Amino acid sequence: MTRDQAKMLIADLRQTGVSDGSITNRLLSEGFSYRDVSDLLALAPKQKRKNSDLAPYAQEKMKNDYNPYAYNQFERGGCLSAWLGLQGIGAVFAIGLAIFLFLSASTSPDVGFSMFLGGLLIILGIAQFACVAWLWDGQRKGYQGLMALLVLNLIFGGLGGDISSIAGGVVAIVILFMLVNPKEGQLR
């Protein structure tokens with residue numbers, strides 16, 4: 001048997017649904033070496049499977065797997081979960097401190113500024129807690145909101161001249177970016 005005849009035989013056998021293992025055995029019995037058989041199998045056109053050739057469960061799976069609106073499930077991982085937990089605890093602490101500042105504003109000599117500052121800190125603490133909850137759920141607005149709040153922290157720290165606040169803001173931005181950016185495609 002020549003190589004051209006073997007190619008035609010492979011094409012015919014593949015069209016009838018014969019497996020490559022059976023074709024290999026047949027060609028080996030015709031006197032071809034293993035190397036020749038693997039070369040011939042690689043060169044011969046493969047038979048494309050029709051959906052009707054698949055088992056019913058495979059057809060159903062193929063039909064159900066395609067969803068243009070599907071998103072990848074967001075998987076937080078341990079480090080991001082721990083970071084979000086710390087951020088959530090910090091937000092609750094900030095809200096409590098802001099409420100204390102707001103309530104104690106009546107004893108302060110500058111009542112208006114203390115009440116404004118306390119109210120602003122309450123709003124920012126609630127916003128931080130909401131962003132942590134959204135990011136925990138895998139929502140993009142949580143990531144963007146936390147980044148915006150951290151940038152605000154960096155700006156206000158820079159305006160106040162507080163080096164530790166600036167350094168903490170930079171470190172927090174870097175940590176959040178490194179934990180979320182590899183998984184950003186999974187955010188919805």
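How many residues does H7 have, and how far does H7 reach from its first C-alpha to its last? H7 has 21 residues and reaches 30 Å, close to the 30 Å expected at 1.5 Å a residue. The expected span is 1.5 Å times one less than the number of residues in the helix. Helices are DSSP runs (H or I, at least four residues), numbered from the N terminus.

This is a predicted model, in which local features need pLDDT of at least 70, side-chain atom pairs count only at pLDDT 80 or more, and totals for chains, interfaces and linings use all residues. Residues are numbered from 1 along each chain as its sequence is written, and side-chain values use heavy atoms, with hydrogens and water left out.

| Helix | Residues | Reach, first to last C-alpha | Expected span |
|---|---|---|---|
| H5 | 26 residues | 37 Å | 38 Å |
| H7 | 21 residues | 30 Å | 30 Å |

Buried here means under 20% relative accessible area and exposed over 50%, with partly exposed in between (1.4 Å probe, protein chains only). In H7, the buried residues are Gly142, Tyr143, Gly145, Leu146, Met147, Leu149, Leu150 and Gly157. The buried residues of H7 pack against H5, H6 and H8, where contact means heavy atoms within 4.5 Å. Just after H7, Gly161 has a positive phi of about 75°.

H5 covers residues 78-103. Its buried residues include Leu80, Trp83, Leu84 and Gln87, and the buried residues of H5 pack against H6 (111-136), H7 (140-160) and H8 (163-180).

A disulfide is a pair of cysteine sulfur atoms within 2.5 Å; by this rule the count is zero. Cys79 counts as exposed because its relative accessibility is 58%, and Cys131 counts as buried because its value is 7%.

Definitions and conventions: Helices (H or I, at least four residues) and strands (E, at least two) are DSSP runs, numbered from the N terminus.
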